[in-house]
Amino acid sequence: MSVINLSDIKLIIFDADGVLVEDGTAIPGAPEVINQLRKEKEIVVFSNNSTRHPNAVRDRLIAQNINIDQVITSSVLAADFCKKEEIQTVFVLGEHGLVDILEENDIRVKTWSEKITIDEKDLPDAVIVGMDRTATYDKFALASQCILRGSRFIATNPDKSFPTPRGLEPGAGSMIAAIAAATETDPEIILGKPNPLGYELILKKFGVNSDEALMIGDRYETDILGAIRAKIPALIVNTGVAQTRDNPGKFLEHPKVPVIETLASLLDL
Ligand SMILES: [Mg+2]
């Protein structure tokens, strides 16, 4: 633990689910710890979940007394990627959180009810695939048809499952796998964690160097791996997914990452 000195850190990046909230309810201690930390640090939440608008994520956290101003989701990364790549029209297999952000960024979202003519000249520039709890067979079919005819295949986040009060259910990664199987094509990019892209965007937005930031997450293969790739120090908090694992700080061949038992232990660093 001694490798991280909190006084050197200007920006703390938090995962949301399993770290600050569980099933939408604050994890005990999270509101107090955030209030304490934000006196001296910048705080941002970085979530792979594309289904809610960042403002909606922020409002839900604030409703739990977790006072967060800045939220980045994989849908923000999707809009950013489209702008950089000059992608102007998209077909979305995803929910409102993703569609709304794209439209706010002047990217035209074709919906399946528009009955896209599968004709080369009407093809969307890209198909963006995220978690979609409203998905129908038609939506999967249209997404596949567009990709087979030449639309680019872009994915929001790799999380195969999604924790719910009923247990694990299909997440974005499962939707991506279905489209990849149907088209025999892998997405050209998966934007969310562990892709370092989001971390780099956050560092730039806050104007801090990687060694002045700290990532706190519960899932090694997304939260922590992405931070390592972006050269940002990282900690695992032993709640959420981490709590279900025998060795939450170790994953494959990567070096062991420090584990703290609760968020409150952060204040002791
Ligand atoms: Mg999490």
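## Overall dimensions

For 269 residues, a compact globule would have a radius of gyration near 18 Å, and the protein chain agrees with this because its value is 19 Å. This radius is taken over C-alpha atoms, and the globule rule is 2.2 Å times the number of residues to the power 0.38. Along the principal axes, the C-alpha atoms fill a box of roughly 60 × 35 × 35 Å.

The model is a predicted one, in which local features need pLDDT of at least 70 and side-chain atom pairs count only at pLDDT 80 or more, while totals for chains, interfaces and linings use all residues. Residues are numbered from 1 along each chain as its sequence is written.

## Secondary structure and burial

The protein chain contains 8 helices and 15 strands; these are DSSP runs numbered from the N terminus, helices being H or I of at least four residues and strands E of at least two. Buried residues account for 46% of the 269 residues. A residue is buried if 20 or more other C-beta atoms lie within 10 Å of its own, exposed if 12 or fewer, and partly exposed in between, with C-beta atoms placed from the backbone.

## Two domains

The chain is divided into domain 1 (6-48 + 193-268) and domain 2 (76-190), with bounds from an automatic or database domain assignment. Their C-alpha centres lie 27 Å apart. Domain 1 brings 8 residues to the contact and domain 2 brings 7 residues, where contact requires C-beta atoms, placed from the backbone, to lie within 7 Å. On the domain 1 side, helix α7 (residues 197-206) gives the most, with 3 residues.

A cis peptide bond joins Lys 193 and Pro 194, with omega about 10°. Pro 194 is found in the loop between β12 (189-190) and α7.

## Packing of α3 and α4

The axes of helix α3 (residues 74-84) and helix α4 (residues 96-104) come within 9 Å and cross at roughly 35°. Axes are lines fitted to C-alpha atoms, for helices over the stretch in contact, and angles run from 0 to 180 degrees between N-to-C directions. Ser 75, Val 76, Ala 78, Ala 79 and Cys 82 in α3 meet Gly 97, Leu 98, Ile 101 and Leu 102 in α4.

## Positive phi in two loops

Glu 86, in the loop between α3 and β6 (89-93), has a positive phi near 55° without being glycine. Glu 86 counts as exposed because it has 7 C-beta neighbours inside 10 Å.

Asp 106 occupies the loop between α4 and β7 (108-110). Its phi is also positive, about 60°, although Asp 106 is not a glycine. With 10 C-beta neighbours inside 10 Å, Asp 106 counts as exposed.

Definitions and conventions: Two residues are in contact if their C-beta atoms, placed from the backbone, lie within 7 Å.
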